[in-house]
Amino acid sequence: MGEPIKNTNAPHCGDFQILSVQIKRLCLKVGIGMGMIILLSFAILMLRFGALDGLLPEKTVPESIVYGEYDVSQLTASAENDLIKQGYEIFRNTPLHIGPKQTDSNQIFAGNNLACASCHLNGGTQLFAAPVIGVVKRFPQYRGREDKIGTIQERINGCMERSMNGRKMPEDNEAMVALVAYMDWLGKTAPSDGKIEGQGFVKLELPNRAVDLDHGKKVFEQQCTVCHGADGQGQKLADSDLYLYPPLWGPDSYNNGAGMTRVITAAEFIKGNMPFGTTYENPILTDEEAYDVAGFINQQLRPTKANREADFPDLVKKPVSTPYGPYVDPFSEEQHQLGPFQPIMEFYQKEYQLKKTK
């Protein structure tokens, strides 16, 4: 008999080894792929619920969005959008709705004719002018002045009692609800923690000296009188009794319990926004000019806030440029008003390990 015919298509031992390696490689690729899908899904969930906000680079609101997309006139008609528009109107023309121009005395909460937009410029959207974009998302928030966790409504009422020299507004008041709706809408593109680029005010290099009031007066005369007047009483619109430029002192200005009475706070606001036409990118005043003119403005007479001594129950947390006592440090009220502030800051650093910047 001849030799048996060989089946050349039958698998060899080597073929099984190759096939085994290929299967292992395929399984490895499938496993890696599935693992990546699971990790990606987990990361998306973490981002969705804000769990990575503190780990990722801080998200910002691009300036183009701030200035290009916050036009309430473009909102369609709906109950929600009408409330936002109402909040914007109150924000811009506060005296007409909740101030002295309101004919219903029960709805008067602001005691002067300033508007929210007098300090929060461009409808609360101007960068480094205390923009309120994202502010609702930052609350509840701890506030040292009250030494408690407060709501956004309580923060607004802080402005009512101080910057507006008035009284608290009930949290369920229609105007309060509308203001919060407008501010909430402004934060539509802000990250979940509400922190944006341009939050608060610009920082400046504090001169290591007391305010020079004579120099501050000269800066005021050269840079501020064209809008605010030689007497600091502002300028009203030609066709109404509302301010085009607000008074900086006097009976219709913010009272002496407002945050703007702190020289450092006022100087930072002025540096990034004043005189008219200034931007934070192209300031007109030097740090020393902003510092001195802030001190000059805040030495002028203005309404008195009742019960200021109750502010900052924990006096250690009181800003160094708070212009009224009591204090927990040995420095005079005059130095807290006019500086130099560096020795006061050094005291808190040494005694309480607190690094204060304002």
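Start with the lining of the second largest pocket in this predicted model: the residues there divide into 30 nonpolar, 14 polar and three charged. Select A117, S118, L121, P246 and M274, which of the 47 lining residues are the closest to the centre of the second largest pocket. The space in this pocket comes to about 1,100 Å³.

Next, colour the elements around the second largest pocket. At least two lining residues come from each of α2 (63-68), α5 (121-124), α9 (225-228), β4 (243-245), α10 and α11 (287-298). Helix α10 gives the most, with five residues.

Now move to the largest pocket, which holds about 1,500 Å³ of space. Select R143, R155, F201, R262 and K358; among the 50 residues lining the largest pocket, these are the closest to its centre. Two or more lining residues are given by each of β1 (141-143), α6 (152-161), α7 (174-186) and α10 (263-273). The most come from α6, with six residues. By class, the lining of the largest pocket has 24 nonpolar, 11 polar and 15 charged residues.

Leave the pockets and turn to charged pairs.

Select D241 and K101. D241 sits in the loop between β3 (235-236) and β4, and K101 in the loop between α4 (94-98) and α5, so the pair ties together parts that are 140 residues apart in sequence. D241 is partly exposed, at 37% relative accessibility, and K101 is also partly exposed, with a relative accessible area of 28%.

Select K148 and E154 next. K148 is partly exposed at 36% relative accessible area, and E154 is partly exposed at 35%.

K271 has 13% relative accessibility and counts as buried, because the cut-off for buried is under 20%.

Salt bridges that share partners join K101, K236 and D241 into one network.

Notes:
Residues numbered from 1 in each chain as written. Predicted model: local features only at pLDDT ≥ 70, side-chain atom pairs only at ≥ 80, totals over all residues. Heavy atoms only, no water. 1 Å grid on protein atoms, 1.4 Å probe; cavity = no way out; pocket = protein on both sides within 12 Å on 5 of 7 lines; lining within 4 Å. Points joined across faces, edges and corners; volume = space filled by probe spheres on them. Helix = DSSP H or I, 4+ residues; strand = E, 2+ residues; numbered from the N terminus. Nonpolar A, V, L, I, M, F, W, Y, C, P; charged D, E, K, R; others polar. Buried < 20%, exposed > 50% of the residue type's maximum accessible area, 1.4 Å probe, protein only. Salt bridge = Lys/Arg side-chain N within 4 Å of Asp/Glu carboxyl O.
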